[in-house]
Amino acid sequence: MPKVTFFNLPDDKQDKLIHAAKEEFSRVPLAKASISNIVNAAQIPRGSFYQYFEDKSDAFFYLLNIKIQENRERMVELIQKNEGDIFKTISDLFEYLITEQDQNLHFMKNIFLNMDHRIEHEFERSFHWYDTDKQMNELNQMINKRNLNMENEDEYKYIIKILGSVLIRSVIEKYSLDLSIEKAIKEFSKEMVLLKKGLHK
């Protein structure tokens, strides 16, 4: 999380620094990212970077959490559009994630191809629709549970975990195998059909 000094910056300076960091994390994964490249692009002294962030990981996870929030907002739109159909929503979200444009595409690709435990944990929070977060509870209420093959809330949690895990693995597979968008969607659709046979009434 950025330090208070970052949020005290004018919006244009915040945007410039965030843009510079995102460019670097889109170019290379976190482990290879250079703070020098970030501060040079943002046109700030290196020391100023540490006034705003603890280190490059701090900046990276701030950007990741911005993306997680965007994904949550996108899920709300998709759930509403699909009238609570979780399978159609997950399928649409998969397509959304693999068709990111421009800088977002490279940023997301680096996230998925270099996913470690912490990154995976943060990203999976996008699918914790059963936690105590207000937005997640709102998402939870939108899901049409009547069409799910479940007997209680514990089973519902496992269904969401399964779907979220399949989604993340499929995005990683798309990038690691360099699948075309059409091929990736086709393969993901097959998995959704099989899962739906067991999880959908």
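A: Let's start with burial: 44% of the 201 residues in the protein chain are buried, where buried means under 20% relative accessible area, exposed over 50%, and partly exposed in between (1.4 Å probe, protein chains only). Keep in mind that this is a predicted model, where local features need pLDDT of at least 70, side-chain atom pairs count only at pLDDT 80 or more, and totals for chains, interfaces and linings use all residues. Residues are numbered from 1 along each chain as its sequence is written, and side-chain values use heavy atoms, with hydrogens and water left out.

Q: How many helices and strands does the protein chain have?

A: Helices (H or I, at least four residues) and strands (E, at least two) are DSSP runs, numbered from the N terminus. Here there are 11 helices and zero strands. The C-alpha atoms fill a box of roughly 60 × 35 × 30 Å, taken along the principal axes.

Q: Into which domains is the protein chain divided?

A: Domain bounds come from an automatic or database domain assignment. In this chain they give domain 1 (4-57) and domain 2 (64-199). Eight residues from domain 1 and six residues from domain 2 take part in the contact, contact meaning heavy atoms within 4.5 Å. The C-alpha centres of the two domains lie 29 Å apart.

Q: What area do domain 1 and domain 2 bury between them?

A: The size of an interface is often given as the accessible area lost when the parts come together. Buried area is that loss for two parts (1.4 Å probe), summed over both. For domain 1 and domain 2 the figure is about 700 Å², with 54% of it on carbon and sulfur atoms. Lys22, Ser26 and Pro29 supply 63% of the area that domain 1 buries against domain 2, more than any other three residues.

Q: Is asparagine 110 buried or exposed?

A: Asparagine 110 counts as buried because its relative accessibility is 15%. You'll find asparagine 110 in helix 7 (residues 102-113). A polar atom of its side chain lies 3.0 Å from the backbone oxygen of serine 26. Leaving aside residues up to four places away in sequence, asparagine 110 touches Phe25, Ser26, Arg27, Val28 and Pro29.

Technical notes:
Polar contact = N/O pair within 3.5 Å; in protein donor to acceptor, adjacent residues only side chain to side chain.
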